[in-house]
Amino acid sequence: MLDSHAHLDDALFDIDRDELFESMAQSGIETAIIPGVSPEHWTKQLDVAKQYACPYGLGIHPWFCEDNPERALVQLTDKLNSAIEDPYLVAIGECGLDKIRKDNWDGQIIALEAQLTMAQQLNLPVILHVVKAHNDMLSILKRYSLPRGGVIHGFYGSSEIASEYIKLGFKLGIGGLILKTNARKLKTCVAKLPLDSFLIETDSPAMTPQNAADPRNTPLILQSIITEIANLQKKSSVLISEHAFRNSVQLFDLKLILI
């Protein structure tokens with residue numbers, strides 16, 4: 001297994017990060033991709049990624065976009081240029097659009113489009129955060145030719161929306177939301193997804209599953225997500241796990257890292 005989206009650099013893991021990675025290894029979780037969120041977070045993120053041999057993305061999350069994000073985008077360009085030869089740099093992101101945080105909407109658009117351009121230029125996939133903004137995101141993506149595509153992280157939309165992203169070459173990140181008993185729309189969508197169209201993720205420490213004993217989410221819930229997808233698709237957990245793992249390896253070009 002592989003967690004395709006986990007913020008394991010978060011301060012909530014400072015007390016037991018070693019133990020968590022040991023538990024992940026014992027549970028068959030090879031690694032986790034750590035997305036970037038802002039210049040202020042990149043140093044610690046890269047330190048954690050290096051210490052635990054985790055692949056990572058570099059980007060500016062919409063929550064951390066300013067109205068005029070030009071300075072942060074210059075910093076991102078510099079950081080990407082310095083890391084471009086690092087095989088563990090596997091994506092641009094996490095970036096995207098979030099209408100719950102609409103006070104910086106113009107900055108979100110500027111930052112997203114700049115990061116999509118970087119993905120084009122550097123031939124990297126993008127990790128996209130999309131909340132209540134699928135139509136806006138689809139409209140923007142249709143104007144960009146992204147050679148490596150990317151993933152819609154934390155996907156929760158309808159089958160119709162899923163199909164639109166898949167047509168554009170994107171995969172869907174399926175996480176703990178699928179474990180909610182009332183996630184009927186998402187469950188209906190996931191039941192129909194082609195096996196090559198999704199990744200498994202947790203968004204740790206956020207998106208803690210319903211009724212979880214620990215308020216902090218971790219990659220250790222991956223098997224529960226796989227089991228739920230297998231039940232919905234009426235396939236074996238082994239088959240779902242194998243395809244999700246393969247999809248992540250192909251999208252993020254992880255072959256050399258995982259040898």
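Phe 21 and Tyr 52 are both buried, where buried stands for under 20% relative accessible area, exposed for over 50% and partly exposed for what lies in between, with a 1.4 Å probe and protein chains only. The model is a predicted one, in which local features need pLDDT of at least 70 and side-chain atom pairs count only at pLDDT 80 or more, while totals for chains, interfaces and linings use all residues. Residues are numbered from 1 along each chain as its sequence is written, and side-chain values rest on heavy atoms, with hydrogens and water left out.

Rings of Phe, Tyr and Trp (its six-membered ring) are taken to pair if their centres lie within 6.5 Å, and planes under 30 degrees apart count as stacked, over 60 as edge-to-face and the rest as tilted; by this rule there are two aromatic pairs. Phe 21 and Tyr 52 make a stacked pair, at 4.1 Å centre to centre with 10 degrees between the planes. This pair links distant parts of the chain, since Phe 21 belongs to helix α1 and Tyr 52 to the loop between α2 and β3 (56-58), 31 residues apart; helices (H or I, at least four residues) and strands (E, at least two) are DSSP runs, numbered from the N terminus. Phe 155 and Tyr 165 form an edge-to-face pair, 6.3 Å centre to centre and with 90 degrees between the planes. Because Phe 155 lies in the loop between β6 (150-153) and α6 (159-167) and Tyr 165 in helix α6, this pair ties together parts that are ten residues apart in sequence. Phe 155 counts as buried at 1% relative accessibility, and Tyr 165 is buried with a relative accessible area of 0%.

In helix α1 (residues 17-26), the buried residues are Arg 17, Leu 20, Phe 21 and Met 24. They cover an arc of only 95 degrees around the axis, and therefore sit on the same side of α1; the arc is taken from the directions from the helix axis to the C-beta atoms. These buried residues pack against β2 (31-32) and α2 (39-51), with contact meaning heavy atoms within 4.5 Å. Just after α1, Gly 28 adopts a positive phi of about 85 degrees.
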